[in-house]
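Biologist: I have not seen this structure before. Please show it, and then I will ask how the terms are applied.

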Amino acid sequence: MAGARTAGPATVVGRWTHDPVQPTLVHPMVLQYTAQAELAEALTAGGDALAANRAEDAERAWGTAVRLATEQGNEEILDRLRRVVDILDAGAGQVRLHPDAGLSAILNVLISRVSRIGQDPPAREPEPEPAADRPPVTCPVCHKLSPADARFCTTCQATLGEATA
Ligand SMILES: [Zn+2]
């Protein structure tokens, strides 16, 4: 192999020399679905590798993600990937991890996944307050029970919680 490229910094990421799959063989919708699934898989694989301290694997996986996102024109994913890697050669899938890529940026890459299907990011669900854990309070005036978080008696409206004898 005498045709090694000499351009750019020498980051060792191998074997991304094959051409993209020819779209003539597969129905376009199937191809798009497959490509998106492949992209999501590559994103996840990169995060898993990084979590396991396998930086080279992470670079390879996210290099693949960059290549796929570039082929798909998925700027959203590319933008997120740029926060965690330097893109050396998008077409060849060559990236280099930012040494100081923040955990939040990495999580952002992983969580967002492929959201081109038109879904909004999931809204954060409010946690229900576990008010039922506390016992009800007894009214000092009428001696009926009221909920633990009630400030006034539900029966006679007397103020609760201040009746410390
Ligand atoms: Zn009362």
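Biologist: Why is Asn53 called exposed?

Modeller: Asn53 has 8 other C-beta atoms within 10 Å, so Asn53 is exposed. This is a predicted model, in which local features need pLDDT of at least 70 and side-chain atom pairs count only at pLDDT 80 or more, while totals for chains, interfaces and linings use all residues. Residues are numbered from 1 along each chain as its sequence is written.

Biologist: Where does Asn53 lie, and what is its phi?

Modeller: Asn53 is in the loop between helix H1 (28–51) and helix H2 (55–72). Its phi is positive, about 65°, although Asn53 is not a glycine. Most residues other than glycine have a negative phi. Helices (H or I, at least four residues) and strands (E, at least two) are DSSP runs, numbered from the N terminus.

Biologist: What makes His143 count as exposed?

Modeller: His143 has 10 C-beta neighbours inside 10 Å, and therefore counts as exposed. His143 sits in the loop between strand S3 (137–138) and strand S4 (145–146). Its phi is also a positive value, near 65°.

Biologist: How many helices and strands does the chain have?

Modeller: There are four helices and four strands. Along the sequence the pattern is α-α-α-β-β-α-β-β.

Biologist: Which residues touch the most other members of the largest nonpolar core?

Modeller: A nonpolar core is a set of buried Ala, Val, Leu, Ile, Met, Phe, Trp, Tyr and Cys residues joined through C-beta atoms within 7 Å. The largest one has 19 residues, and Leu39, Ala42, Trp62, Ala65, Ala69 and Leu81 touch the most other members. At least two residues of this core come from each of H1, H2, helix H3 (75–82) and helix H4 (103–112). H2 gives the largest share, seven residues.

Biologist: How do you know that the span of H2 is close to the expected one?

Modeller: The expected span of a helix is 1.5 Å times one less than its number of residues. H2 has 18 residues and reaches 25 Å from its first C-alpha to its last, close to the expected 26 Å. Its buried residues include Ala58, Trp62, Ala65 and Ala69. Just after H2, Gly73 has a positive phi of about 65°.

Biologist: What makes S1 and S2 a pair?

Modeller: Two strands pair if DSSP finds at least two bridges between them. Strand S1 (residues 85–89) and strand S2 (residues 94–97) have four bridges, in the antiparallel sense. Ile87 is opposite Val95 in S2. The hairpin has four residues between the strands, and Gly93 there takes a positive phi near 70°.

Biologist: Why is Arg151 called exposed, and which residues is Arg151 in contact with, leaving aside neighbours within four places in sequence?

Modeller: Arg151 has 11 other C-beta atoms within 10 Å, so Arg151 is exposed. Two residues are in contact if their C-beta atoms, placed from the backbone, lie within 7 Å. With those neighbours left aside, Arg151 is in contact with Leu160 and Gly161.

Biologist: What pLDDT does the chain average?

Modeller: pLDDT is the predictor's confidence in each residue, from 0 to 100. The chain averages 77, and 66% of the residues score at least 70. Over residues 115–119 the pLDDT is below 50.

Note on methods. Buried ≥ 20, exposed ≤ 12 C-beta atoms within 10 Å, placed from the backbone.
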